[in-house]
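Please look first at the sequence and the three-dimensional structure shown below. The briefing after them goes through a few topics in turn.

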Amino acid sequence: MKEYLQLIFNEAAEKLEYLNGLNLVFDIPKTESHGDLSSNAAMLLAKKLKRKPREVAEEIISSLNYDSENIKKVEIAGPGFINFFFTPSFIAKIAKEILTEENYFGHSKKYAGKKANVEFVSANPTGPLTVGHGRNAVFGDTIANLLESVGYSVDREYYFNNAGRQMRVLGDSVRLRYLELLGIKVDFPEDYYQGEYIKEIAKSLLDEFGDKLLNESAEGKFKEKAETEIFKDIKKSLEKLKIIHKIFFNENSLYEEGKIRGTIESFKEKKLIYEKDGATWLKLIELGNEQDKVIVKSSGEPTYRLPDIAYHIVKFNRGYDLMIDIFGSDHNATYPDVLAGLKALGYDSDKVKVLIHQFVTIMDGGEVVKMSTRKANYITLDQLVDEVGADVVRYFFNMRNITTHMNFDLSLAKKQSDENPVFYLQYAHARICSILKMIEKENLKASTENLDLLSTNEEQQLLKKLHQFKEEILISAELFETHRICTYLEELAALFHKFYTFCRILGSERKLAEARVALALATKIVIKNGLSILGVNAPERM
RNA sequence: GCGCCCAUAGCUCAAUUGGAUAGAGCAACAGCCUUCUAAGCUGUAGGUUAGUGGUUCGAUUCCACUUGGGCGUACCA
């Protein structure tokens, strides 16, 4: 529908000079009596032209040359809106398009040929993924899906660090548990990793090596074993959610390949660093930020900023057009420094999009569960997936804007999971599958020959919603918002259920029945394509 | 103190990025199954969009301040 309006406006622009260069937007009015699509162009132009908006609207309408087969009415309303009413037969044509394009419908090629990188999860291998990581993981993977659906070729990447203090403590935690198993009394520090999984790793080392590791250092076999075991679990948890990273990038490789040193050199050349108190500082104030920060500690170890910058340079050099970083809100202070550093070194930091999601508050029976990996006081992502299922988890994390601090009530999720909207969508899909089986027996088929028979209110509203799918995906991808897809699909499913209730197939005249089957099939395709972007299954029966 | 994010129906959240009468789900109440899945549909009720100003034809959306919450504010990541 919008494409058609765009077309006739472009034609009109040849007559009306002032239409050129105008950012044309067609909105779907909330009230049905305001038409199918609405333009505020006249109101925007009125100011520029210093004329009355309704007068400008009048002039625009008289220059529009449209086919009455497609548009049945154009009117001016309110302060100067131009409202367009499409003919039912034009609206119904979408069903044919959907049936033709099938699985591809909704996808587009707007960003074909572009390369994107989505870096997400990126939890260091110090323990199992928690529910908190779940939001990051699901969101990141869905953003990657969305980008792919508008043409990007996407690499999913996981950045991790297996060196540093955190990992030393991890290794030593395992070592102490190992000694305990050998009957040696140890003093297990409170700030060490308390989780059961540490004991399990220690146990497997005991099984494998017996007491041969008595004098092994924390950073030897202990850390090594902990890392491989924990990573194995992390990958398994992600796979349950259909999340597979293509690249696992080890921060350590930046040191080994001299990227850290190289980055420092680059800053030095630009005279952007100085020495103070034995440390190396980056002149961030000069780059427009709040204060200068240390990039190499007096101990000689870099702070996280330096490897982060070096890492992004590596990504830039791979030639991505778009690089997305997905972080929790605890990182909100870190990225401006990194972006400023990149920009100073001549990289186009606009290509890096940092998406910050707010924290998930876990509730259990009305009480807040405080989570800490260190204290082993957490609910793992695995437990959650096992309890409510991957579909619910994926849908739940996708259905909300990442800017919201979301509450996840575990007892509610377990007990009343059938109230989750994901079932509402899946049910609509299953219902359609059931119709398709039924019509075979009745010797009916989906036909797009007589779509103009789809003229009831329920049919028309459903068809109009189908028109929006493609644009909804494009907007979601461009704004990096997955929850829009959920909202859209819920609206679509609601309209389908209404159609199902009021527009029977059996008992209708054959041509109408077959047009309705085509509409049901088109709806099924869109639901399935939408769920597929979200990474949620579309079951044939429930 | 300063920075970022947030505040919308009893609860969880939307609102086409500045559009016309702010919408869904859950919970509550009243209805609808001898015909394609009742995990559904129809209806009722529920709001000073945290507050106060401002910008303009028009503000939940933009700006300022206030209040309340989250996360930061390291030579931790």
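**The surface near RNA strand B**

The residues of the surface near RNA strand B fall into 26 nonpolar, 22 polar and 16 charged, where Ala, Val, Leu, Ile, Met, Phe, Trp, Tyr, Cys and Pro count as nonpolar, Asp, Glu, Lys and Arg as charged, and the others, Gly among them, as polar. A residue is near a molecule or strand if one of its heavy atoms lies within 4 Å of it. This is a predicted model, in which local features need pLDDT of at least 70 and side-chain atom pairs count only at pLDDT 80 or more, while totals for chains, interfaces and linings use all residues. Residues are numbered from 1 along each chain as its sequence is written, chains are lettered from A and ligands numbered from 1 in the order in which they are written, and side-chain values use heavy atoms, with hydrogens and water left out.

- Of the 64 residues around RNA strand B, the ones that come nearest are Lys297, Arg400, Tyr427, Arg431 and Ser434.
- Among the atoms of RNA strand B within 4 Å of the protein, 58% belong to sugar or phosphate, and the rest belong to bases.
- Helix 2 (41-49), strand 4 (81-86), strand 15 (406-409), helix 17 (421-441) and helix 19 (483-502) each supply at least two residues of this surface; helices (H or I, at least four residues) and strands (E, at least two) are DSSP runs, numbered from the N terminus.
- An N or O atom in the side chain of Asn332 is 3.1 Å from a base oxygen of RNA strand B, and a polar backbone atom of Cys503 is 3.3 Å from a base nitrogen of the RNA strand.
- Thr501 has a polar side-chain atom that lies 3.5 Å from a sugar or linking oxygen of RNA strand B.

**Aromatic rings and charges**

- The whole structure holds 21 aromatic pairs, a pair being two rings of Phe, Tyr or Trp (its six-membered ring) whose centres lie within 6.5 Å.
- Tyr158, Phe160, Phe231 and Phe248 are linked into a cluster by ring pairs.
- The charged end of Lys235 sits over the ring of Phe248, 4.4 Å from its centre, where sitting over a ring asks that NZ of Lys or CZ of Arg is within 6 Å of the ring centre and within 35 degrees of the ring normal.
- Arg400 has its charged end over the ring of Phe396, 4.8 Å from the ring's centre.

- Five strands form an open sheet in the order 7-6-5-11-12, with parallel pairing; two strands pair if DSSP finds at least two bridges between them.
- Strand 7 (247-250) and strand 12 (352-357) stand at the edges, each with a single partner strand, so one side of each is left without a neighbour in the sheet.
- Strand 5 (residues 115-119) pairs with strand 11 (residues 322-328) in the parallel sense over four bridges, and Asn117 stands opposite Met323 in strand 11.

- Another open sheet has the order 8-9-10, and its pairing is antiparallel.
- Strand 8 and strand 10 (293-296) are at the edges with a single partner strand each, so one side of each has no neighbour in the sheet.
- Strand 8 (residues 273-276) and strand 9 (residues 279-282) pair over four bridges, with Ile273 opposite Leu282 in strand 9.
- The hairpin of strand 8 and strand 9 has two residues between the strands, and Asp277 there takes a positive phi near 55°.
- Strand 9 and strand 10 pair over three bridges, and Lys293 in strand 10 is the bridge partner of Leu282.

Key
Polar contact = N/O pair within 3.5 Å; in protein donor to acceptor, adjacent residues only side chain to side chain. Phe/Tyr/Trp six-rings, centres within 6.5 Å; stacked < 30°, edge-to-face > 60°.
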